[in-house]
Structures are given as C-alpha cells and as structure tokens.
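Thank you for letting me take a few minutes of the meeting.

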Amino acid sequence: MSELRFHWCSPLESGQKKASGQYDAGSLDFDGIVSFVKEAEELGVDSLLMAMSYHMPDPLPMLGALSHLTDRINLLLAYRPGLLSPTLFTQVVNTVSWMSDKRVNLNIVAGISPKEQAYYGDFLDHDARYERANEFLEIMHGLWENDGPLTYEGQHYRTEEAQLGLGYKDGGRPRVYISGASVVAQQTAVKYGDCWLRYADTPQEIEKAAAPILEQGCDVGLRMQVLARSTREEALAQVAEMMREPDEKQRKFIAEFMANVDSEAVKNSFRLADTSGDDWLSPNLWSGAVVYRGGPALCIVGSYEEVADYILEYKAAGVSEFIFSGWPSREEMRIFYKHVLPLVRKREAEAAAAGAGQFDAAGAVN
C-alpha cells in the first residue's frame, strides 16, 4: 500500500478550544481562517475539509476565496445534495478547479438530521436522501464524462440537454468522498465515489467493515480526532484537562440534537461511547468527548510513538486516508505534522524496505 494521506478538518471549526466546551458560533474571523489555512499549507497538510453545518459559515464562498489565497493545499468541500441543482453545483466545482489549478475535491454528505435538513427546506428521509445523492452524482459524473448535452430523468432530478461551457480543468474531475456508515451509503460510495469516508471504530472492527468496500475497488478513509504528546502520561493529563469542568449545556445540546439524528454513522459513534464503560474502546481510542462533540469525536490518544503505531494498525486494516482534527485544532495540527507524521513516514519506509527485501529474497528481479 502507498503512503497514507492525512487531511485536517475545516478552519471554519478552528475555534473549538476543548473537547467538552461549546461550539464557537455566531461570528466569522476570516483573517484567522486565512492564517490557519496558510499554516496548514506550510505544514504539508494534504487537504483541508471545508465542513458544512447550520452553525458554521457556508463553505462555498470560503472555497472560492481560499483557493485564490493558497498555492499548494487541496480543499475538500463537504456539501449536501438537494441544496443546489447538480448542474449548478458542477458548474461551481468546475469554476473552482480553474481558480485553484484542480485543488478541489468533494465530500458528499446526505445529511445527518431530518430536523437540520428541514432548516433548508429538505424533508426526505434517510434512504431517500441517498437515492437523491445517487442521482445528483450520476448527473455530475455525466457532465464530467460526456462531450454532448446530458438529458436525465430520475425521481429527484430532471435535466434536458444540460451542458456547461466551462468543464473541469484539463478534462478531469475531483476526487469524490462519500460519507456514511449505512448500507446505502456504502453502495453510493462504491458506485459513485473514490473513497468511503466514515467515523472511527477500533482497527479490528474497521477491517471487517472495510473488506467488502476494498474488494469493490473503493478506498476507505476515517474522520476522527487525534491527541498526541511526547509521553502517554502527558496525553492522558491533557485529556483530563479538557474534560475538567465540562459544559453541561453543550452536552444537553448534543443530546437534544441526537434525538432527531437518523445517521447510522453518528448513532454508531454514540453506541460505541455508551458501551465503552470507562470511555476507552482500546488503550489508544478514547470516546469520552462524543457526548459533547458528536459522531467524529472518537480520538486516538497517546505518545507520538503510540499514535503513529495505532494509525498504522488502521492502515493494516485497509484505511488509506484520515481526516483529523483536535482541541484546539490548530495546536494539535502543529503537533501531529511536526512530531507524529515523521514517525508514520519512517515506519512506512521501513515496512516498504522490509517488503522489498522479502520480495528480492524470493527470487524477483532487482
């Protein structure tokens, strides 16, 4: 397997200071976001996930602005089918591909809460949202792949001779990540995506879930948190500090939000947290922040070496990409890229060299 790809979560969420605190909503520090993105670019972050939720700024205008203000970093746009027509959305993505020299990829999210979807005038249930996502993606792929006008008639979308004067730069298309843990989400990922993106579990459980996806030629990625320190004791002390004097209003807010969630990915994270007993699913996988932060809050915790080794357990299970974040996100990003990533790359190089040695010893041509 090639080197793991490491992405980081949206600078739109960079205001989260601790795992048990409230979301930083209600204002927009664009200069701070630009500074965050530029540092991420300097650190070598592969992509930044431009996340989407009602309590955050919309990622589309951010995508346009940040594509112009950066040179190397990729921007991973999370968006939900149903908000824009597929033709218009493809036009937006194509435009950004020219503005950014193809540094734009897509994370398609069908939605996690009927209540939140209703804020935007969307009243489809879980499976119907994925049916619509399939049609949305089929039209987008058709616009990228076909030279002529596209006529399409489905249950949710209809186009007549759809065509765009500005195609994706150099005739390609973005890499497509499909989020979700349900069967229909996996089917969508295999049919229309390049990578199935899901929330974490232990490496053993991820291996079971990933196997049928990998067999069908789709990659597997994880969205989760990371907390690494020079020693395990320091990491555990930081966990304790983050959970000191937790904000019970935030916990209540998340509990009320969860009452309306129909996402299998989110519900599974809460099931794992509920059954963990002591908040640990393994010696390095902590679930204590889930009740304050929701689905993506499962967190790898440990020393730099422990975190690197645990990441490689996921790689052995079939995972090829990670979207990480932390509390606070910017500080944890610095720690990961300066201290953990070099260890991961060293271990990958050692494994590759050992594999090549075994291959040569078996009689292969050098």
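This is a predicted model: local features need pLDDT of at least 70, side-chain atom pairs count only at pLDDT 80 or more; totals for chains, interfaces and linings use all residues.

Let me begin with helix 2, which covers residues 59–69, and helix 3, which pack at an angle of about 20° with their axes 9 Å apart. Because angles under 35 degrees count as roughly parallel, over 145 as roughly antiparallel, 65 to 115 as roughly perpendicular and the rest as oblique, helix 2 is roughly parallel to helix 3. Axes here are lines fitted to C-alpha atoms, for helices over the stretch in contact, and the angles run from 0 to 180 degrees between N-to-C directions; helices (H or I, at least four residues) and strands (E, at least two) are DSSP runs, numbered from the N terminus.

Residues are numbered from 1 along each chain as its sequence is written, and side-chain values use heavy atoms, with hydrogens and water left out.

The crossing of helix 2 and helix 3 is left-handed, a word used if the near helix is turned anticlockwise from the far one by less than a right angle, with right-handed used if it is clockwise. Which residues make the contact, meaning heavy atoms within 4.5 Å? From helix 2 they are Leu-60, Leu-63, Gly-64 and Ser-67, and from helix 3 they are Val-92, Val-96 and Met-99. By class, the contact of helix 2 with helix 3 has five nonpolar, two polar and no charged residues, where Ala, Val, Leu, Ile, Met, Phe, Trp, Tyr, Cys and Pro count as nonpolar, Asp, Glu, Lys and Arg as charged, and the others, Gly among them, as polar.

Helix 2 also packs with helix 1 (residues 30–43), at an angle of about 50° and with the axes 11 Å apart, and helix 1 and helix 2 are therefore oblique to each other. Their crossing is right-handed, and the contact is made by Phe-30, Ile-33, Val-34, Val-37 and Lys-38 of helix 1 with Met-62, Ala-65, Leu-66 and Leu-69 of helix 2. Those residues divide into eight nonpolar, no polar and one charged.

Turning to helix 3 (residues 86–99) again, its packing with helix 5 (residues 126–145) has an angle of about 50°, with the axes 9 Å apart, which makes helix 3 oblique to helix 5. The crossing of helix 3 and helix 5 is right-handed, and the residues in contact include Phe-89 and Val-93 of helix 3 and Phe-136 and Leu-143 of helix 5.

Finally, two backbone details. Lys-102, in the loop between helix 3 and strand 4 (104–108), has a phi near 70°, a positive value in a residue other than glycine. Further along, a cis peptide bond with omega of about -15° joins Trp-327 and Pro-328, and Pro-328 is found in the loop between strand 13 (321–325) and helix 13 (329–361). For comparison, most residues other than glycine have a negative phi, and most peptide bonds are trans.

Conventions
Contact means heavy atoms within 4.5 Å.
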